[in-house]
Amino acid sequence: MLQVYPIPAFKDNYIWLLNRAGSSLAWVIDPGDAAPVITELAARGLTLEGILVTHHHWDHTGGIEALLDYASNTQGGHKIRVIGPRNPAIANVSERVCEGDSLRLGSISEGDTATVIKVLEVPGHTLDHIAFLIGDALFCGDTLFSAGCGRLFEGTAAQLHDSLAKFAALPGDTRVFCTHEYTEANLKFALATEPQNTALADYADWVKQQRSEGLPSLPSSLARELAINPFLRTGTDSIRAAVAHHSGIKPKDDVHTLALLRQWKDIF
Ligand SMILES: [Zn+2]
């Protein structure tokens, strides 16, 4: 069984730590900072086996080099794998992967032919952005957030739309592990777009409770996001109407709706 633990980093990042129950090995995803990862590994008595990287931003990659040093200094020189996008700007990646690649991740895949890791290319937030699907767990980096999505720093609305459509096609019980605890702020915007969405209002109450207890709002699930996340609901009449009302422009299609929605959120 795959166990996933959040390692809080910076102000609101989560570095996800993966460990197969019973194994002493671990993987981390998007280690922007090495220190909290090293602390967590030590606390759990785990050895770092590898790193997954979704995109080039520093708060997802800044800890890689220090973790490689840590591994070579404390783990008997054992070389750890670093799997990331085909972007040469990201240093220290040992395996560059793209859509369609199926990976096996050492202890994570061990003795279980079902745990093949799929790579999805999801440009939009950045052009190099990839996501990892490990069984029913989606690690989507900064492409999808609970009740929101990443800003369009490099890609187009059309690219982001296609990327989000790849996620939307996954089973509803897919667990969604995002890299930032942005949920409460995103929900304020989501409620502004769909004040009549009762699933959204109920979820906002639950998130408020979780956060007041210092607990993560993540992971979410795909079914939930499809019910409450405006960026996955650009095909609905209510989101299209909200966007038209706010912008004064009648969107011509879902990509146009997404573009206007993203512009609205950028200044919300
Ligand atoms: Zn980013």
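**Rings, charges and a sheet**

Reply: The charged end of Arg-224 lies over the ring of Trp-206, at 5.1 Å from the ring centre. A charge sits over a ring if NZ of Lys or CZ of Arg is within 6 Å of the ring centre and within 35 degrees of the ring normal. This is a predicted model, where local features need pLDDT of at least 70, side-chain atom pairs count only at pLDDT 80 or more, and totals for chains, interfaces and linings use all residues. Residues are numbered from 1 along each chain as its sequence is written, and side-chain values use heavy atoms, with hydrogens and water left out.

Me: And what does Arg-44 lie over?
Reply: Arg-44 lies over the face of Tyr-5, 3.6 Å from the ring centre.

Me: OK, how many aromatic pairs are there?
Reply: Rings of Phe, Tyr and Trp (its six-membered ring) pair if their centres lie within 6.5 Å; planes under 30 degrees apart count as stacked, over 60 as edge-to-face and the rest as tilted. By this rule there are nine aromatic pairs. One of them is edge-to-face: Phe-10 and Trp-58, with 5.0 Å centre to centre and 70° between the planes.

Me: Where do Phe-10 and Trp-58 sit in the chain?
Reply: In distant parts, 48 residues apart: Phe-10 is in the loop between strand E1 (2-9) and strand E2 (13-20), and Trp-58 is in helix H2 (residues 58-61). Helices (H or I, at least four residues) and strands (E, at least two) are DSSP runs, numbered from the N terminus.

Me: Is Trp-58 buried or exposed?
Reply: Trp-58 is exposed, with a relative accessible area of 58%, while Phe-10 is partly exposed at 39%. Buried means under 20% relative accessible area, exposed over 50%, partly exposed in between (1.4 Å probe, protein chains only).

Me: Why is the pair of Phe-189 and Phe-231 stacked?
Reply: Because the planes of Phe-189 and Phe-231 are at 25°, with the ring centres 6.1 Å apart. Phe-189 is buried at 0% relative accessibility, and Phe-231 is buried too, at 2%.

Me: Switching topic, what order do the six strands of the open sheet come in?
Reply: The order is E7-E8-E9-E10-E13-E14, with mixed pairing. Two strands pair if DSSP finds at least two bridges between them. Strand E7 (102-103) and strand E14 (220-221) are the edge strands, each pairing on one side only.

Me: How many bridges join E13 to E14?
Reply: Two, and strand E13 (residues 175-178) runs antiparallel to E14. Val-176 has Ser-220 in E14 as its bridge partner.
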